[in-house]
Amino acid sequence: IRFQEGLHPVIGGYSSVCEGQHTELDGGNFERYKWSTGDTTRMLRVDAPGTYCLTVSDASGCSGSTCLTVVLANAPSASLVAPDSLCTGDRAIILLSEPYTSYRWSDGTSAPFLPIDTGGRYCVTVTATNGCTDEACYDVASKSRSFRFFRDTACYGSTYTYLGRSF
């Protein structure tokens with residue numbers, strides 16, 4: 001006869017959820033799962049605050065239980081800082097007004113900023129430390145260059161100063 005200590009599962013994932021969003025709880029690596037919701041899968045999708053309990057068992061029949069309280073959290077409110085327009089051939093950077101845990105831009109990149117070289121609609125989905133997300137979009141108008149002086153150029157709609165005179 002071999003005696004084993006009972007299992008001590010730890011529920012992984014965020015312990016908060018935002019209104020209209022969901023989080024996923026992870027039951028760990030065991031043979032069988034039984035959540036207080038009746039689910040029997042390793043991952044549990046949670047879209048409401050509450051206490052979620054889990055009983056797990058292994059191939060030997062040993063079991064263990066634990067609970068996690070998921071609280072209602074505030075969603076982030078992402079705000080972009082970007083130029084209203086961009087001349088053909090110019091470059092700019094779109095930033096967020098505050099830092100977040102992760103970023104996913106409409107082009108698939110995940111940096112906290114987005115370099116751009118043309119106008120268009122740019123969107124980012126951010127994740128806060130509580131696991132909640134928000135999306136922000138910004139439209140940058142594309143302006144073509146309208147005239148050229150010597151080796152200098154001016155963008156249509158912008159002021160150009162030459163020899164002390166504005167055009």
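Guide: A disulfide is a pair of cysteine sulfur atoms within 2.5 Å. The model here is predicted.

Visitor: How many disulfides does a search of the whole structure find?

Guide: The search covers the whole structure. Another joins Cys-53 to Cys-67, and another joins Cys-123 to Cys-137. The number found is three.

Visitor: Is Cys-18 buried or exposed, and what about Cys-132?

Guide: Buried means under 20% relative accessible area. Cys-18 has 2%, so Cys-18 is buried. Cys-132 has a relative accessibility of 2% and also counts as buried.

Visitor: Why is the disulfide of Cys-18 and Cys-132 right-handed?

Guide: Look at the torsion about the S-S bond of Cys-18 and Cys-132. The disulfide is right-handed because that torsion is about 100°.

Visitor: Which strands hold Cys-53 and Cys-67?

Guide: A disulfide joins this pair, S to S 2.0 Å. Cys-53 is partly exposed at 25%, and Cys-67 is partly exposed at 46%. The link of Cys-53 and Cys-67 is right-handed, with 100° about the S-S bond. Cys-53 lies in strand β5 and Cys-67 in strand β6.

Visitor: How many residues apart in sequence are the parts that Cys-123 and Cys-137 tie together?

Guide: The S to S distance of Cys-123 and Cys-137 is 2.0 Å. Cys-123 lies in strand β12 and Cys-137 in strand β13, so the pair ties together parts whose separation in sequence is 14 residues.

Visitor: Which residues does Ser-97 touch, leaving out those up to four places away in sequence?

Guide: Ser-97 is in the loop between β9 and β10. Ser-97 is partly exposed, with a relative accessible area of 46%. Ser-97 and Ser-79 are 18 residues apart in sequence, yet 5.6 Å apart in space, C-alpha to C-alpha. The residues touched are Ser-79 and Val-81.

Visitor: What is the area of the nonpolar surface patch that includes Val-81?

Guide: The patch is made by Val-81, Ile-93, Leu-95 and Phe-113. Ile-93 belongs to strand β9 and is partly exposed, with a relative accessible area of 47%. The area of the patch is about 340 Å².

Key
Residues numbered from 1 in each chain as written. Predicted model: local features only at pLDDT ≥ 70, side-chain atom pairs only at ≥ 80, totals over all residues. Heavy atoms only, no water. Patch = residues over 30% accessible without salt bridge, like charges linked within 9 Å, V, L, I, M, F, W, Y side chains within 5 Å. Areas by Shrake-Rupley, 256 points an atom, 1.4 Å probe, with all protein chains shown as cover. Salt bridge = Lys/Arg side-chain N within 4 Å of Asp/Glu carboxyl O. Helix = DSSP H or I, 4+ residues; strand = E, 2+ residues; numbered from the N terminus. Buried < 20%, exposed > 50% of the residue type's maximum accessible area, 1.4 Å probe, protein only. Contact = heavy atoms within 4.5 Å.
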